[in-house]
Amino acid sequence: MDELIDILRAKSGDQENYLLKDHLKEAVRRVLELNEFVKENKDSFNYDMVANNDIFEKLVIAAILHDLGKIDYTFQKKVFNSDEKDSEDWKKLKTFLKPLNNPEMRYPRHEILSSIWSTFILGNNELDKKLRTAILLHHYNEYFIAEKDLMEIISNYRKATSSYLKFINGNSGILRNFLMNLFKYIKDEFSNSEIACSAINSLEAETNIGKTNLLLEKINSREDDISEFAEFYDIDNDNPDYDFLVLLGFLRRCDYSSSGGVEIERKGLKNVFEGLSNEIKANISKKNKEIYLWQKDVLDDIDTDKSLILVAPTGSGKTEFALLWAEINKRKLIYTLPLRVALNDLFSRFRNSKDGYFDKESVDILHSTAFIEYIKEEKKGSDLDIDKMMTSTQMISSPILLTTPDQVFLTSLNYYGSDKVISVYPFSSIVIDEIQTYNEEMAAIIIKTLEIIRKLKGKILIITATFPPYYEKYFNEMGEDGFEIKDVAKFDEKIKNKIKNFNRKRHKIAVVEKNLFDSDLKLKKESESELDKLIEDFKNKNLFIIVNNVKKAIKIYENLKNKGNVYLLHSRLIEKEKRRRIKEIKEKIKDKENNEKVIVVSTQIVEASVDLDFDAMITEISTIDSQIQRWGRVYRNRVEDYPIDTPNIVIFSGEKTEDEHLEVDKGTRAIYDYKVIKKTFEVLKEHEANSNALNYEDEMEMIKEVFEKEINGTKLKEIYEKGIQENLDYLKYFTVEKKSQAQRLFRTIAGVNAVIPNLMEFTEEDPDIKKEFAKIISNSENRKIPWKEIEEEISKLTDKKVNKWDLKKILYEYSVSIPIFYSEKSDFLNKISFPEFKGFYVLDRLTEEELKSIYECGVDSIFEKMENDEINELMDFEDDNVL
């Protein structure tokens, strides 16, 4: 069987590098690429583990061994397609692997078998144990949770492991010859690499297939302890070894990127930020006569080795500060934002060929629907392989990654696969934008993750316009030197006076001591009259109306929609229609020559990072930080102070009772902490009396004032600090098994996604493709049909070429998010034909009237008949992370 090396497969024959020898060779290539990346940028990193070549030499060994367990009948049968079963290659393999073809015997997964191969190829020192454990865990299996003990594995699969070892022992000559051929094949490919050659020399010297006899003897004598023969690394989940997790992450990234045919590091860092300052200056010159990069002056005066917090006004250039900070660090940049729509804007802005900051190959985007942004690029004529782009993005291969925090900040929850992200921390500059959007539970997760990043010498920058005071304690206590807080209010006068929106008096507030809605979430008559009067007063202005949940937004929109350019925005609209509205709103607001003013009725989804500039706002009360974020969408890009005595921010605050109790509706109380709402009201009333419009310093002072107020003798700030600490203490004993569970916990989402195929048929864009796709989705027999078959079927019926990414885009565009309290009700269940198609419920038992209502107002509009009291108790909170 000299030809064994040329017929064993790692994956099916229709994929790149499908032979086992080629997949392992490509995995080694990724290790060497990673080593080169570290060497080229060594002056930018200070992580000790990669300071010498030993770790990469050992990684080469792990890369060669990690998939040897694919030498198995069941696996090889799976990667030979049915039309290949008559091939000579399969016939030879079938004969050779026949001793392993026992349907009654349950063989372990290939990575478990690979760890058994390592017992007679690797030694048993501490690093060997780590490599053996990394090989065992490079795919998910029961040993992620269970004890990692060789005898335990053998006991769990006693017959199968005995059979497998006997197979190896009985074919020791053939398999040793295979290994030596494999080592030579890889060594010849990388003959110029000292690391690769040294690693393979070590493998050739250490390999001893005869040790299978010794292991079989120990199995047959039922020895309990074979630790002297081979051990796994003892992982302490209560006190994780992050160096080991980096090693495991390296191996996983090398394996997955080689399988996907992408580079592990797509482009060097040296030239990525070159000329960035000039690009930023050029963009500023298009908007302002005076070009001044205040960010450069601030960065020149700080220690960039420290973790940093920047507090600065909305629209002042915090994003540019983050980019210039990353330029100094010369590391990978991971930029996080909680809103998808804001990330999409940044992605377009950074990669724009006319005035973008970076070339397109340097910037990736990662969130649940990021592939749609790559489809847009493809439609513009870019030559993209979307499969490879998504693999590269998930491997964090690019120099700059824009992502939602649930993709990179959940590693402290110890989910399987978190090591892949952890392994990038030592080489990254990590930006957290809009940190004020996270509640106490999310804050605790982020703080715990930041501790990991700091341990691994990653660099951290937090940027916000409204830094919550209760965070300060934890950031100051983190590590020996804590975080350095840079608040522009404390800058030198000559710097802060030139920062956009710092001195600008932008907002004059008025407090209306009324609730917009009653206890049943119906618009109150007296408030409706007040609202109509305000809208009349603002009729010549672009007006933003923000309420605290979806049902309220729909009800106000229904009242106003006949008044002209009125738009409704919330997270539970059809995705396609939501995107269209946001684009149209932006265009109309930016068109200064257009006298057609808009009214936008929205939930709090556009509080942060969405660059909209309204003339006026009517809003329900919320916590002070949320309020100021909302106000940030008003008078945002102006060159002079707000000049009028009439308020441009009107807040419906709730009603004060005779005993001085503030009464707000249950919809508001379901979302926001009433303690903070009450103190926010007090501070709003105090500042309403101020005859002047508010500037940035005034608004920051309001935040401090709220959290300095006391509840039963304890400051609000201290109450929140205690809440975060309780969550941090809880996290010491908490873990999740899978990333999806961690994401659900972080987002506090408890619901499902539903696709509405009937809406696909009413479209001017590719109507035939969507019509046929809708039919496939609605047919319950197609629940498990592969994407490839769907592509072929639609292409045949429409005579148009389609791919799975185009179809996935359609799925998302015609989908809605269904809260759990709807999805468990009969009203919802009666409207779905079957549970799932590609992860989506199929919502297709709808009348034409219901379809129109969903398209215009969102899914909530068709569930009005449900029990209001029960719904209100559960409350339809707005999910800020999904816009």
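Predicted model: local features only at pLDDT ≥ 70, side-chain atom pairs only at ≥ 80, totals over all residues.
A residue counts as buried when its relative accessible area is under 20%.

Entry one, helix H34. I looked up residues 804-813 and found that seven of the ten residues of H34 are buried, so I describe the helix as mostly covered. I wrote down the buried ones as Trp-805, Asp-806, Leu-807, Lys-809, Ile-810, Leu-811 and Glu-813.

I traced an open sheet of six strands, paired in parallel, in the order S8-S13-S12-S9-S11-S10. Its edge strands are S8 (509-512) and S10 (566-569), each of which pairs on one side only. I then followed S9 (residues 543-546) and S12 (residues 616-620), which run parallel and are joined by four bridges; Leu-543 has Ala-616 in S12 as its bridge partner. Across S8, S9, S12 and S13 (649-652) I found helix H26 (residues 624-631), which runs at about 155° to S12.

How do the axes of H15 and H16 cross? For H15 (residues 318-329) and H16 (residues 340-351) I noted that the axes come within 13 Å and cross at roughly 60°, and the two helices are therefore oblique to each other. I recorded the crossing as right-handed. Where they meet, I listed Thr-319, Glu-320 and Leu-323 from H15 against Leu-346, Arg-349 and Phe-350 from H16.

How values were computed:
Residues numbered from 1 in each chain as written. Heavy atoms only, no water. Pairing = 2+ DSSP bridges. Contact = heavy atoms within 4.5 Å. Axes fitted to C-alpha atoms, helices over the stretch in contact; angles between N-to-C directions. Buried < 20%, exposed > 50% of the residue type's maximum accessible area, 1.4 Å probe, protein only. Parallel < 35°, antiparallel > 145°, perpendicular 65-115°, else oblique. Left-handed = near helix turned anticlockwise from the far one by under 90°.
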